[in-house]
Amino acid sequence: MEFAPPKSLLDLYLGFLSIGARSFGGVLPWAHRVMVEEKRWVAPADFAEVLALCQFLPGPNVGNVSVVLGRRWFGPLGAFVAFTGLMALPLVWVFGLALLYADYSSMPAVKAVVTGVGIAGGGLFIGTALKLARPLARKPWGVALAVACFGIIALGRVSLFAVLPAAALIGWLAARKDLV
Amino acid sequence: MLQIAFYFALLSLVSVGGIPSVMPEMQRLVVDVQGWMSAAEYTQLFAIAQAAPGPNVLVTALVGWKVAGIAGGLVALAAFCAPAAALAYSIGGFWDRMRDAPWRKVFQRALVPITVGFVVSGGYVLATPQGPAWQSALIAGASAAALYATKINPLWMLASGGVLGYFLF
């Protein structure tokens, strides 16, 4: 079966709505399932290429995917429709949970559970970073730069706005010399 | 509210690697600089965003909500998403044309260690709401290891974190 763009803005909206609605525990797997496997809007290699760009751009990764693909298919309106479709249901969910939590947050048990969930979520970030770090395995300079960024930001509490330009410059010079 | 909009729009443009990268800076602003909430409350808001479906960028809506109600939440989310979305919008075609340009590969390689450092920082800041503690290290270490070494749905790690949190805190 061929891959074909969504037939209409409504089709696009409903597709992204279903991604947002089901994306417990991470949006990316569902974005892939809906767009590549169920709706067959984009070929797998095409999806991977768009995702690579969006991971490198600032901003929410899958949010950026919705903007890039929505634009490709329907122009500015498509970008807007895809993005709002993705966010609509999760936004309702998250505000609902937050209001619920506000009612119960005075209970120590509830607070303990939610804190545990948050810490586990922090752990997921660390696990993700370890996966991202695989290409650095044989590149001590790359590891050193990553560790330096961590020390300065997490432990030194220096602003990202100061660290990013400096780190980008160092990373660029190191990458040109094939050190990272 | 204007302050939130302005600051989140700036954060948007430095969020290479997505939301995890800017978690430390966002926490530094709302907890250390502005004093809008405690580090513990920040981690709890993040937990709620993780427990809901959808992109973890929704944590920006919750931070805005905490500071200035539902309207604040919508403003914070829009401010964080719009600049990055505009960039994605304008750069999409250009990036495809540069597919084989050498500088693009150099740039991508340069970003790997930086993103890794930023994302680990995000995890560390969220996992230490009351400063380093063995309970936090246990929960965060277990979920990091499970994510790295297995293909289990991350929701199980969050659920286990909740159970461990109940007994440890």
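Reader: Where is the place of Pro6(A)?
Author: This is a predicted model, in which local features need pLDDT of at least 70 and side-chain atom pairs count only at pLDDT 80 or more, while totals for chains, interfaces and linings use all residues. Residues are numbered from 1 along each chain as its sequence is written, and chains are lettered from A and ligands numbered from 1 in the order in which they are written. Helices (H or I, at least four residues) and strands (E, at least two) are DSSP runs, numbered from the N terminus. On that numbering, Pro6(A) has its place in the segment before α1 of chain A.

Reader: Is Pro6(A) buried or exposed?
Author: A residue is buried if 20 or more other C-beta atoms, placed from the backbone, lie within 10 Å of its own, exposed if 12 or fewer do, and partly exposed in between. Pro6(A) has 22 other C-beta atoms within 10 Å, so the class is buried.

Reader: Which residues is Pro6(A) in contact with, leaving aside its neighbours within four places in sequence?
Author: Two residues are in contact if their C-beta atoms, placed from the backbone, lie within 7 Å. By that rule the partners of Pro6(A), with neighbours within four places in sequence left aside, are Asp11(A), Leu12(A), Gly15(A), Lys39(A), Trp41(A) and Trp73(A).

Reader: How many Å apart are Lys39(A) and Gly15(A) in space?
Author: Lys39(A) is found in the loop between α2 and α3 of chain A, and it counts as buried because it has 20 C-beta neighbours inside 10 Å. Not counting residues up to four places away in sequence, Lys39(A) touches Pro6(A), Gly15(A) and Val34(A). Lys39(A) and Gly15(A) are 24 residues apart in sequence, and their C-alpha to C-alpha distance is 7.6 Å.

Reader: Near what value is phi of Arg40(A)?
Author: Arg40(A) lies in the loop between α2 (28-38) and α3 of chain A. It is partly exposed, with 14 other C-beta atoms within 10 Å. Its phi is positive, in a residue other than glycine, and is near 55°.

Reader: Near what value is phi of Asp178(A)?
Author: Asp178(A) sits in the segment after α7 of chain A. It counts as exposed, with 10 C-beta neighbours inside 10 Å. This residue, other than glycine, has a positive phi near 60°.

Reader: Are α3(A) and α4(A) parallel or oblique?
Author: Axes are lines fitted to C-alpha atoms, for helices over the stretch in contact, and angles run from 0 to 180 degrees between N-to-C directions. α3(A) and α4(A) pack with their axes 8 Å apart, at an angle of about 125°. Angles under 35 degrees count as roughly parallel, over 145 as roughly antiparallel, 65 to 115 as roughly perpendicular and the rest as oblique. α3(A) is therefore, relative to α4(A), oblique.

Reader: How many nonpolar, polar and charged residues has the contact of α3(A) with α4(A)?
Author: In α3(A), Val50(A), Leu51(A), Leu53(A), Cys54(A) and Gln55(A) meet Asn61(A), Asn64(A), Val65(A), Val68(A) and Leu69(A) in α4(A). Ala, Val, Leu, Ile, Met, Phe, Trp, Tyr, Cys and Pro count as nonpolar, Asp, Glu, Lys and Arg as charged, and the others, Gly among them, as polar. The contact of α3(A) with α4(A) then has seven nonpolar, three polar and no charged residues.

Reader: How many Å apart are the C-alpha centres of domain 1 and domain 2 of chain A?
Author: Domain bounds come from an automatic or database domain assignment. For chain A that assignment gives domain 1 (1-108) and domain 2 (129-180). The C-alpha centres of these two domains lie apart by 30 Å.

Reader: Which helix gives the largest share of the side of chain A that touches chain B?
Author: 80 residues of chain A are in contact with 84 residues of chain B. On the side of chain A that touches chain B, α1 (9-22), α3 (44-56), α4 (61-104), α5, α6 (140-155) and α7 (160-176) each supply at least two residues. The largest share, 22 residues, comes from α5(A).
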